[in-house]
Amino acid sequence: MAAAGPSVFLLMVNGQVESAQFPEYDDLYCKYCFVYGQDWAPTAGLEEGISQITSKSQDARRALVWNFPIDVTFKSTNPYGWPQIVLSVYGPDVFGNDVVRGYGAVHVPLSPGRHKKTIPMFVPESTSKLQKFTSWFMGRRPEYTDPKVVAQGEGREGKGSPPWKVGLE
């Protein structure tokens with residue numbers, strides 16, 4: 001009798017990055033990517049993407065609406081390293097350069113069904129006054145070279161700007 005291969009389970013994620021509240025900014029776009037453990041593998045769909053640029057809505061909420069679809073399937077034999085979605089929001093500064101306006105991450109829900117998540121967003125800040133002045137003078141704010149660091153505890157020390165919010169459904 002042949003030995004059965006290792007059993008796997010599938011995790012299907014579909015939904016959308018719905019909208020965001022960034023009261024001070026307009027004309028923003030977002031990027032998403034997934035961070036997961038080494039036992040996980042994507043089997044279908046896109047594990048990263050970039051949205052269109054959106055402007056604030058004309059209603060009282062003044063929300064930035066993307067309705068940006070997400071559809072990916074993962075397989076694994078071990079739940080360790082459960083997938084997280086990492087969002088990075090970008091927009092123009094006063095010089096017209098695209099700069100980061102927020103980072104955030106949330107674990108994919110553990111239970112099946114429809115879920116609505118709100119992700120608090122932050123931006124890294126320079127740690128010294130000289131770095132703050134240099135970044136202001138050069139028009140380049142501090143940002144992560146790899147946004148996946150947001151899903152990890154290491155390398156995120158320091159201060160961040162006030163939290164903004166992005167909604168996932």
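Analyst: Start with Cys30. Its relative accessibility is 1%, so Cys30 counts as buried. Buried means under 20% relative accessible area, exposed means over 50%, and partly exposed lies in between, with a 1.4 Å probe and protein chains only. Cys33 has 7% relative accessibility, so Cys33 is buried as well. This is a predicted model: local features need pLDDT of at least 70, side-chain atom pairs count only at pLDDT 80 or more, and totals for chains, interfaces and linings use all residues. Residues are numbered from 1 along each chain as its sequence is written, and side-chain values use heavy atoms, with hydrogens and water left out.

What about disulfides? A disulfide is a covalent bond between the sulfur atoms of two cysteines. Here the cut-off is a pair of cysteine sulfur atoms within 2.5 Å. The whole structure has 0 of them.

Now the sheet. Strands (E, at least two residues) and helices (H or I, at least four) are DSSP runs, numbered from the N terminus. Strand S2 covers residues 29-35 and runs antiparallel to S4, with 3 bridges joining them. Two strands pair if DSSP finds at least two bridges between them. Cys33 has Glu48 in S4 as its bridge partner.

Step back. An open sheet of 4 strands has the order S4-S2-S6-S7, with antiparallel pairing. S4 (48-50) and S7 (98-107) are the edge strands; each has a single partner strand, so one side of each lacks a neighbour in the sheet.

Finally, the whole chain. It holds 1 helix and 9 strands. Of its 169 residues, 39% are buried.
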